[in-house]
Amino acid sequence: MIPLPDPAPDLAVSLGQVLLTRRSRYTYRPLGLEVLSTLLRYAVGVQRRVPPHVLGTNPTAGGLPSLRVHVVVDGVLREYHREPHALEEVGPVGLDGVFAQPEFASRARTVVVLSGRMGPGLAKYGARHHRTVLLDAGIAVQNLYLVGTALELRCCAVAGFDDEVVRGMVGEVPLVLFVVG
């Protein structure tokens with residue numbers, strides 16, 4: 001487990017400014033661990049605890065842990081654990097063949113992978129859970145965009161990817177890739 005450094009104490013940008021300047025961008029620079037820590041903590045980290053739930057900054061249906069967050073940095077896949085705000089190395093991965101637009105593979109240094117944890121939601125919501133997990137992922141992506149913009153990062157949500165390749169990487173239903181840097 002790789003503990004992440006403390007995130008920046010404040011994102012000193014107004015919400016209005018972030019909303020008006022948010023854009024999808026297609027060139028990326030490497031992220032330092034502090035910036036990655038801040039992005040993950042504010043976008044998908046812990047907001048509060050309401051036993052038995054640990055609620056994130058990205059609300060989810062029923063407060064259930066419906067999403068898993070992985071990060072690919074320079075060819076290494078790591079799973080993000082919001083408690084204890086750390087990354088766990090999974091192993092090396094290649095991005096060739098992942099994206100429908102191959103130029104993303106050569107440009108992307110950091111990719112956040114959101115996948116669906118179907119078990120918890122299926123037990124509560126049944127077949128409707130496929131909708132709730134997509135909504136949960138959409139909220140998380142919006143948070144990633146807003147925090148990324150506040151941090152002056154270049155970001156792009158990507159839905160065009162090979163599902164089976166990404167499923168093989170993360171072991172669950174892939175929902176969206178978020179390229180950032």
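**Exercises on a predicted protein chain**

D74 is partly exposed, its relative accessible area being 48%; here buried means under 20% relative accessible area, exposed over 50%, and partly exposed in between (1.4 Å probe, protein chains only). The model is a predicted one, in which local features need pLDDT of at least 70, side-chain atom pairs count only at pLDDT 80 or more, and totals for chains, interfaces and linings use all residues. Residues are numbered from 1 along each chain as its sequence is written, and side-chain values use heavy atoms, with hydrogens and water left out.

**Exercise 1.** Locate D74 and state its phi.

*Solution.* Step one: D74 sits in the loop between strand 4 (67-73) and strand 5. Helices (H or I, at least four residues) and strands (E, at least two) are DSSP runs, numbered from the N terminus. Step two: phi of D74 is near 45°, a positive value in a residue other than glycine. For background, most residues other than glycine have a negative phi, and most peptide bonds are trans.

**Exercise 2.** Describe helix 5 and the residue E152 just after it.

*Solution.* Step one: helix 5 covers residues 129-150, which is 22 residues. Step two: from its first C-alpha to its last, helix 5 reaches 31 Å, close to the 32 Å expected at 1.5 Å a residue; the expected span is 1.5 Å times one less than the number of residues. Step three: E152, in the loop between helix 5 and strand 8 (155-158), has a positive phi of about 60° although it is not a glycine. Step four: E152 counts as exposed, at 64% relative accessibility.

**Exercise 3.** Compare the radius of gyration of the protein chain with that of a compact globule.

*Solution.* Step one: the rule, over C-alpha atoms, is 2.2 Å times the number of residues to the power 0.38. Step two: for 181 residues a compact globule would have a radius near 16 Å, and the protein chain has 16 Å, which agrees. Step three: 46% of the 181 residues count as buried. Step four: of the contacts (heavy atoms within 4.5 Å) with a separation of 6 or more, 71% come from residues 24 or more positions apart.
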